[in-house]
Amino acid sequence: MTPVTVVWRYLQGRFVTSVLTVVSVGLGVSLVIASVLLTRGIKEGFIAGATDYNLIVGAKGSPTQLVLNVVFRMDAPTPNIPFSAYEEIRHDPRVEAAVPVAMGDAYQGFRYVATTEAYFAPFSWRRHVPAVSTGRLFRSEPSGKPDYEAVLGVDVARRTGLKAADRFFEGEEMAAYPLTVVGVLRRTGTADDRAIFISLASYWEMNEISRQATVKPLTAVLVRPRRLSDLTALHRGWNVAPDLQAALPTAVLLNVFNLLGLVEDVLVVVLAVVAIVVGLYLFVTMYSATLERRREIATMRALGARRVTVLGIVLLESCAIASLGGLAGILGGHGLAYVGASLLAARGGPVTHALALGALQPLTLGAAIALGTLAGLLPAVLAYRTEVAENLAAL
Amino acid sequence: MTRAGPAATLRGVTKSFPVADGGTLQVLDVERLELPAAGCTVIKGRSGSGKTTLLNLIAGVSVPTGGTIVVHGTEITALPEARRDRFRAEQIGYVFQTFNLLAAFSALENVMLAMMFARGVPRRLHRARARAILDRLGLGARLGHKPGQLSRGEQQRVAIARALANDPPLVLADEPCASLDAATAREVLAVLLAVCREGGKTLLVVSHDEAVLGAGDRLLDMAQVNGRPEAGA
């Protein structure tokens, strides 16, 4: 028999209360873990999905909307710009690479991205080069005949079950323009995993308005300058144009992170309130248990237990509840974060499964135990101060 | 185990409690009381005569307002509280009127608990020793039972086993039969006397139960022990 056995027996003796208290601590801890992991996952998702191009040129409007739509496939597309704008940008001597992009409709929720083979070019400065794992890229050039070929992001292939040589379309009006899968991309960890890539010629022919238009539309042009020193001039130059804007993806990403920072601040307040509520619940549980056990505490003291021994037993019980709740909460929090991240990712949100073990888990467990110690302190002092002779008789 | 000298000696022991009007109420005034080693002493007295207070003072669970108490040569009134607790754990067994078993613990664990607070018995021997004592008291088949699963007589026998767990030379019993029916009371009292006599222990029983009064080797009246017999306890 040791103080640990005594605590274990006490926990068993109040099984339902003990389990409920462990669950309440676990819920609080899992909320903390899930919030931190999801916030971290969203940040990492934005960083992983960030483009290697320094500028995005599109129609006048919100730069955040432009970047979120073109890079992360979120938000609605900005208005179109003429294909001629791309031609001008491409021939600017300060530009090393320019890639035209047109955002189309969607197939089973996966957006069409019309572009050229340049989108997949393996420039040395690119971190993620979309390359095919099976099949090949589409071939048609913007000025050529549409090939109606599609290259699928890896998540599109997995979720739709489409594979090379399959033909597909969505809606009766598109039946005349079925696309043929010619390749599937390797996983990139970016929004490209959830996109269907087609050639611009195919896109223009599939779209009723652009089919008849003489000025072919684009959503944006991704731009990489030859020298970073030209970036500011290019940015300013295109922004003063009457119908164009140039957005800096890094600046937009900073704005997004600033917004996330605000969300984090609110979360910290909410989680602090949760910690206080959980701590109070644990305190009330331990306090009422100690009041109920005054006679047993007096009996232990009469059997020779020292004051510090009964103080230690109450503190140990409080810490045991907090530890069990903390461990359950860490496991539950990871499960919650995984489900949350999967749901977000399924809806096209930039999020990674940030489930790696690090300082978060031991720190959270330590905080839970510290909370348990704090909540058990007053009940422990109550046990410490229990007068033996007064409490030995039946209460 | 028989020791030389008295098991306990009280000299000029008084005990007062604070009362609502800010004053104090003296409930015990023992000029001199000597408890001979070995054998059974019974102290009789009506309710409120200070019997339980006297036992609590000898056990060291409460401190006298004045006077000295010596138990087996150790002046417990001079010991700091932590040492008095340790002394009580190792030298004094206490049987309560209402058993005071811990509800969440089995009979075996209740007995082992007493050993946990003392250093007299090595930890590896706790289980075997508790089992042996309970066996001796006829509870060998009830080791894993919780107090709620035992009869009142069995509960009191577990309490006796717990009091004997650390092989203390002095056993105090506060109205050990008051919560039992007459037949069970006789049975429990016989067990208590037998195990104390076998072990050469000093047994001090306080009771107002007629059945207990004739069981000891020596009978004292609380009215003579306490100089303030009219005081309530």
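Start with α3(B) and α5(B), which are roughly parallel to each other (angles under 35 degrees count as roughly parallel). This is a predicted model: local features need pLDDT of at least 70, side-chain atom pairs count only at pLDDT 80 or more, and totals for chains, interfaces and linings use all residues. Residues are numbered from 1 along each chain as its sequence is written, with chains lettered from A in the order in which they are written.

Select residues 107-116 and 152-164 of chain B: these are helices α3 and α5. Helices here are DSSP runs (H or I, at least four residues), numbered from the N terminus. Their axes come within 8 Å and cross at roughly 30°. Axes are lines fitted to C-alpha atoms over the stretch in contact. The crossing of α3(B) and α5(B) is right-handed (the near helix is turned clockwise from the far one by less than a right angle).

Now show side chains. From α3(B), take B:Ala107, B:Asn110, B:Val111 and B:Ala114; from α5(B), B:Val158, B:Ala161 and B:Arg162. Contact requires C-beta atoms, placed from the backbone, within 7 Å.

Next, the interface. Select the 21 residues of chain A in contact with 25 residues of chain B. On the chain A side, α1 (3-13), α10 (294-302) and α13 (388-391) each give two or more residues. The largest share, five residues, comes from α10(A).

Finally, zoom out to chain A. Count 13 helices and twelve strands (strands are E runs of at least two). The C-alpha trace spans about 100 × 45 × 35 Å along its principal axes.

Notes: Contact = placed C-beta atoms within 7 Å. Axes fitted to C-alpha atoms, helices over the stretch in contact; angles between N-to-C directions. Parallel < 35°, antiparallel > 145°, perpendicular 65-115°, else oblique.
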